[in-house]
Amino acid sequence: MNYTDKDRETVMKATQSAHFLHQDLQNLVSADHPLLGDYALDLLDALVVIEKKLLRLQGVMDVLQENVHE
């Protein structure tokens, strides 16, 4: 199965966006209002799973792309 350059670019952008959101949520964990920190922790837990899946998908796409060029 081949992925298009558009597909790869979309996955890369999603991975980068997840990384930026991860950083923002980490900053929000130390918010002055404790409720915001609690919500940020919950969201961060969910985001870590998504971020790992995106990274894994990006890795699989990279390997498949390398195999196509061989």
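Which residues in H1 are buried? In this predicted model, Val 11, Thr 15, Ala 18, His 22 and Leu 25 of H1 are buried. Buried means under 20% relative accessible area, exposed means over 50%, and partly exposed lies in between (1.4 Å probe, protein chains only). Residues are numbered from 1 along each chain as its sequence is written, and side-chain values use heavy atoms, with hydrogens and water left out. Because the model is predicted, local features need pLDDT of at least 70 and side-chain atom pairs count only at pLDDT 80 or more, while totals for chains, interfaces and linings use all residues.

Helix H1 has 25 residues. From its first C-alpha to its last, H1 reaches 36 Å, close to the 36 Å expected at 1.5 Å a residue. The expected span is 1.5 Å times one less than the number of residues in the helix. Helices (H or I, at least four residues) and strands (E, at least two) are DSSP runs, numbered from the N terminus.

The largest nonpolar core holds six residues: Ala 18, Leu 25, Ala 40, Leu 44, Leu 47 and Leu 54. H1 and H2 each supply at least two of its residues. The largest share, four residues, comes from H2. A nonpolar core is a set of buried Ala, Val, Leu, Ile, Met, Phe, Trp, Tyr and Cys residues joined through side-chain atoms within 4.5 Å. Leu 25 lies in helix H1. Leu 25 counts as buried because its relative accessible area is 8%. The C-alpha atoms of Leu 25 and Asp 45 are separated by 10.0 Å, and the two residues are 20 apart along the chain.

Leu 55 lies in helix H2. With a relative accessible area of 47%, Leu 55 is partly exposed. Its C-alpha atom is separated by 6.5 Å from that of Thr 15, 40 residues apart along the chain.

Charged pairs come next. Side chains of opposite charge can pair when their charged atoms come close. The structure holds two salt bridges. A salt bridge is a side-chain nitrogen of Lys or Arg within 4 Å of a carboxyl oxygen of Asp or Glu. Arg 8 and Asp 62 form a salt bridge at 3.1 Å, N to O. This pair links distant parts of the chain, with Arg 8 in helix H1 and Asp 62 in helix H2, 54 residues apart. Asp 62 has 28% relative accessibility, so it counts as partly exposed.

Lys 13 forms a salt bridge with Glu 9, and their closest N and O atoms are 3.1 Å apart. Lys 13 and Glu 9 are separated by about one helical turn, because they lie four residues apart in helix H1. Lys 13 is partly exposed at 48% relative accessibility. Glu 9 is partly exposed too, at 43%.

Empty space was also examined. Rolling a probe the size of a water molecule over the atoms shows where empty space is left. On a 1 Å grid over the protein atoms alone, a cavity is a set of points where a 1.4 Å probe fits but cannot get out, and lining residues have an atom within 4 Å of a point. Grid points are joined across faces, edges and corners, and a volume is the space filled by probe spheres set on the points. The count comes to one cavity of 30 Å³ or more. About 30 Å³ of space lies in the largest cavity. Arg 8, Val 11, Met 12, Gln 58, Met 61 and Asp 62 line the largest cavity. Helix H1 (5–29) and helix H2 (34–69) each give two or more residues to this lining.

How values were computed
1 Å grid on protein atoms, 1.4 Å probe; cavity = no way out; pocket = protein on both sides within 12 Å on 5 of 7 lines; lining within 4 Å.
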